[in-house]
Amino acid sequence: MNELQNYYGVSGREDSICSFLYERLSPLSDDTVKDSMGNLHFYKKGTGKSAKKAAVIAYMDEPGIIVTRITEDGYLKFETIGHLTPAGLISKKVILNGIRGIISLKAVHLTSKQERSIPVKLSQLFIDIGASSRKEAEDFVQIGDHGALEEDGRTFGDGYIKGHALGSRAGCVIAENVLRQRYPFNLHVIITVQREVGCRGIQTASWKLSADRVIILDAETAQSYDKVSEKFPELGKGAVILTASGSGLVNPRLIQPVINKAEERQLKYQLFASKDKGQEEVLYQRGYGDKTLTFCIPVRYKDTACQVAHMDDIDSMKNLTQIALMQVVSEEVANDTDK
Amino acid sequence: MQLAERLKLLTEEEGLSSRETSAASMVQKILKEMEITSYIDGYGNVHGFLPAEEECAKTVLLEAHIDQIGLMVSGIDEKGYLKFVNLGGVDERILYGMEVMVLTDPPLYGVIGGFLPKKKEKEEAKNASVQDLRIDIGFSREESVKKVHVGDYVRLKGNTCSLLGNRISGAAMDNRAGMVAILSALEQTRKLKRVYHTDILFSTQEELGLHGAYTGVEADKTDFAISVDVTHGETPDSSEITGVFPLGCGAVICRGPNFKDDYTQQLIHLAKEKNVSHEIEVASGGSGTTAWAIQTIGSGIPVMLVSIPLRYMHTNVETLDIRDVQAVSDLLAAVLTGGMNLDE
């Protein structure tokens with residue numbers, strides 16, 4: 001997880017993380033395809049014992065910023081790509097075309113009490129790259145350039161992990177884990193782009209998808225110390241099995257066997273009915289509504305680049321994914337017996 | 001040593017207000033390398049002394065504060081998160097989503113997070129303040145209580161890095177930059193004929209109320225003093241405000257009742273004469289710097305203030321132009337080598 005923190009992939013410009021994943025995961029696959037959107041497809045043939053097909057879907061992108069204007073005095077105005085709260089951006093460092101910038105605004109001493117009490121708006125913020133004029137800035141930056149929020153990865157506390165894009169990177173780690181094995185059935189692992197700007201990558205990635213089971217790896221808002229977040233899943237209590245999302249209910253016949261197996265093996269998991277829509281929405285539209293399972297790791301402070309997750313939950317998501325994959329085979333056996 | 005290199009070294013060293021020991025030992029080490037003797041007094045202030053050639057020379061005090069802003073643990077909640085208070089005026093707007101270090105032994109990393117207060121109907125949305133936020137150190141209450149104590153210090157994380165041009169950004173530029181300017185002036189004049197005995201004071205707890213300067217200045221042996229601090233650097237949203245200075249403008253010399261004006265005018269004249277780029281700042285009352293303390297210590301000390309423009313003061317990304325540190329250093333060096341006429 002910490003190694004993946006060195007690679008950035010703001011939606012639309014996932015190059016850095018994408019080439020890392022390509023190099024790392026293609027040797028584990030029988031065939032690798034990067035489609036026109038930039039989604040990565042890894043195919044792994046089955047042992048031939050089963051005619052079934054399974055797909056695991058993770059995502060590689062993360063929120064960031066895009067330059068909208070270069071001011072006369074060399075500052076950059078920007079908008080966010082994906083969801084980032086302005087409050088979490090103040091005094092953060094941005095990496096942009098290999099140079100650094102500081103997101104900031106005027107010193108606190110120069111503000112009135114009234115000004116300070118109102119939440120900072122995105123329009124008040126600017127990026128300071130150290131340039132003194134537009135001309136100097138233009139040698140390094142162009143309008144439309146993407147910037148990533150610089151944040152180190154770190155393990156801390158009792159098994160916790162801190163960094164940017166934790167939901168995405170946990171999915172990538174599990175995708176790698178899944179590809180390390182050969183299954184009785186054909187496996188198709190997809191790591192999508194542009195999840196954070198409205199699940200765009202998955203739309204093309206799933207166009208020609210053919211699978212009997214789809215497992216989506218995602219992140220869910222987690223509980224923190226305050227009252228507002230109490231309704232969300234807790235960190236360290238295991239990965240979340242979504243029973244519902246903003247796109248609809250998850251097929252209970254898929255969930256129950258996973259729960260049974262997890263109970264049997266005494267694995268941690270949490271159930272949660274989310275109101276948010278994620279990549280599953282596109283799968284539902286493609287007719288995979290009754291074949292799609294979503295597992296999430298709970299992530300604290302998801303609206304910032306300084307996120308917190310728990311290693312036990314990532315481990316739990318890895319185990320649940322394996323259970324759900326093996327389920328495909330046992331179902332087949334069960335169906336054969338029925339016949 | 002190069003200015004930027006020394007600035008990075010000093011700004012990345014920890015020295016929170018009232019806990020300046022690490023930064024103080026580092027600056028003592030630097031003074032030792034320059035063969036300047038120094039000691040640390042009971043209040044944590046670093047004192048150094050560099051004699052002039054003539055025994056009967058007058059004594060100038062060069063002063064800069066050593067401490068930096070931070071946070072302090074004020075409680076541990078039932079879930080193990082740390083409550084905290086401000087240690088010297090941190091800009092609270094920056095705290096949400098910031099990595100910090102709790103200075104226990106060994107230190108613990110943490111993240112300041114939380115949900116921003118939600119806007120209720122008919123209620124103005126509010127900014128998160130320290131009361132709304134917590135430090136997440138990733139331990140249960142039982143563990144947190146064992147590892148962390150109320151009163152433990154918390155440092156904002158911020159590596160010092162270079163931006164384009166001559167700009168450098170990091171934590172604690174306020175006021176390690178001032179210290180670096182003094183150190184560099186001493187280095188520049190080490191081999192030259194200096195006309196004043198030079199007292200050096202790196203004072204503690206400025207951010208908490210100028211305490212170190214009040215206790216550390218020895219009025220009897222000081223003929224005049226120069227405080228070096230930071231002032232506000234211009235940003236696009238502050239250019240309408242008076243009292244902000246563009247980065248790269250040089251040394252900012254302050255005028256007002258806090259300072260001995262005829263000396264200050266000499267200083268401005270000296271800057272012109274030596275071609276040191278400079279600007280003039282005005283403080284109609286308190287300057288908010290250690291100069292305010294120094295002026296009335298003992299029977300009073302004629303004091304001047306020279307500042308370095310700094311953007312985003314009291315954050316972990318304070319940004320300055322290294323040329324301004326150089327300008328202040330050049331101006332101080334000009335004073336030490338006899339640019340002032342104290343009898344006038």
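In which helix of chain B is the place of Asp174(B)? Asp174(B) lies in helix H4 (residues 173-189) of chain B, where helices (H or I, at least four residues) and strands (E, at least two) are DSSP runs numbered from the N terminus. The legends below describe a predicted model, in which local features need pLDDT of at least 70, side-chain atom pairs count only at pLDDT 80 or more, and totals for chains, interfaces and linings use all residues. Residues are numbered from 1 along each chain as its sequence is written, while chains are lettered from A and ligands numbered from 1 in the order in which they are written.

**View 1. The annotated binding site of chain B.** An unreviewed UniProt entry places the feature "binding site" at Asp174(B), Glu207(B) and His314(B). The set is spread over 141 residues of sequence, yet clusters in space, with a largest C-alpha distance of 10.0 Å. UniProt positions are given in the numbering used here, feature names are shortened, and annotations may be inferred rather than shown by experiment. Asp174(B) counts as buried because 26 C-beta neighbours lie inside 10 Å; a residue is buried if 20 or more other C-beta atoms lie within 10 Å of its own, exposed if 12 or fewer, and partly exposed in between, with C-beta atoms placed from the backbone. Residues up to four places away in sequence not counted, Asp174(B) touches Gln68(B), Val230(B), Leu310(B), Met313(B), His314(B) and Glu318(B). Contact here requires that the C-beta atoms of two residues, placed from the backbone, lie within 7 Å.

**View 2. The surroundings of His314(B).** His314(B) is located in the loop between strand S16 (303-310) and strand S17 (318-321) of chain B. With 22 other C-beta atoms within 10 Å, His314(B) is buried. Residues of both chains touch His314(B): Ala107(A) and Val108(A), together with Ile69(B), Gly89(B), Val90(B), Asp91(B) and Asp174(B), not counting residues up to four places away in sequence.

**View 3. The annotated active site residue.** UniProt, in an unreviewed entry, lists Glu206(B) for "active site". Glu206(B) belongs to the loop between strand S12 (197-203) and helix H5 (211-216) of chain B. The residue Glu206(B) is buried, since 28 other C-beta atoms lie within 10 Å. Neighbours within four places in sequence left aside, Glu206(B) is in contact with His65(B), Asp67(B), Gly212(B), Ala213(B) and Thr290(B).

**View 4. A three-stranded sheet of chain B.** The strands of this open sheet of 3 strands follow the order S10-S11-S17 (chain B), with antiparallel pairing. Strand S10 (161-162) and S17 of chain B are the edge strands, each pairing on one side only. Two strands pair if DSSP finds at least two bridges between them. S10(B) and strand S11 (residues 167-170) of chain B are joined in the antiparallel sense over 2 bridges, and Ser169(B) in S11(B) is the bridge partner of Cys161(B). Helix H8 (residues 322-339) of chain B lies across S11 and S17 of chain B and runs at about 60° to S17(B). Axes are lines fitted to C-alpha atoms, for helices over the stretch in contact, and angles run from 0 to 180 degrees between N-to-C directions.

**View 5. The two domains of each chain.** For chain B the assignment gives domain 1 (3-68 + 171-339) and domain 2 (70-156), with bounds from an automatic or database domain assignment. The C-alpha centres of these domains of chain B lie 32 Å apart. Their contact takes 11 residues from domain 1 of chain B and 10 residues from domain 2 of chain B. On the domain 1 side, the chain B residues that touch domain 2 divide into 3 nonpolar, 5 polar and 3 charged; Ala, Val, Leu, Ile, Met, Phe, Trp, Tyr, Cys and Pro count as nonpolar, Asp, Glu, Lys and Arg as charged, and the others, Gly among them, as polar. Chain A is divided into domain 1 (3-62 + 164-338) and domain 2 (64-149). In chain A the C-alpha centres of domain 1 and domain 2 lie 33 Å apart, and the contact takes 12 residues from each of domain 1 and domain 2.

**View 6. The contact between the chains.** In this contact, 48 residues of chain B meet 49 residues of chain A. The side of chain B that touches chain A receives two or more residues from each of strand S6 (98-102), strand S7 (108-113), strand S8 (134-136) and S11 of chain B. S7(B) gives the largest share, 3 residues. The residues on this side of chain B divide into 20 nonpolar, 15 polar and 13 charged.
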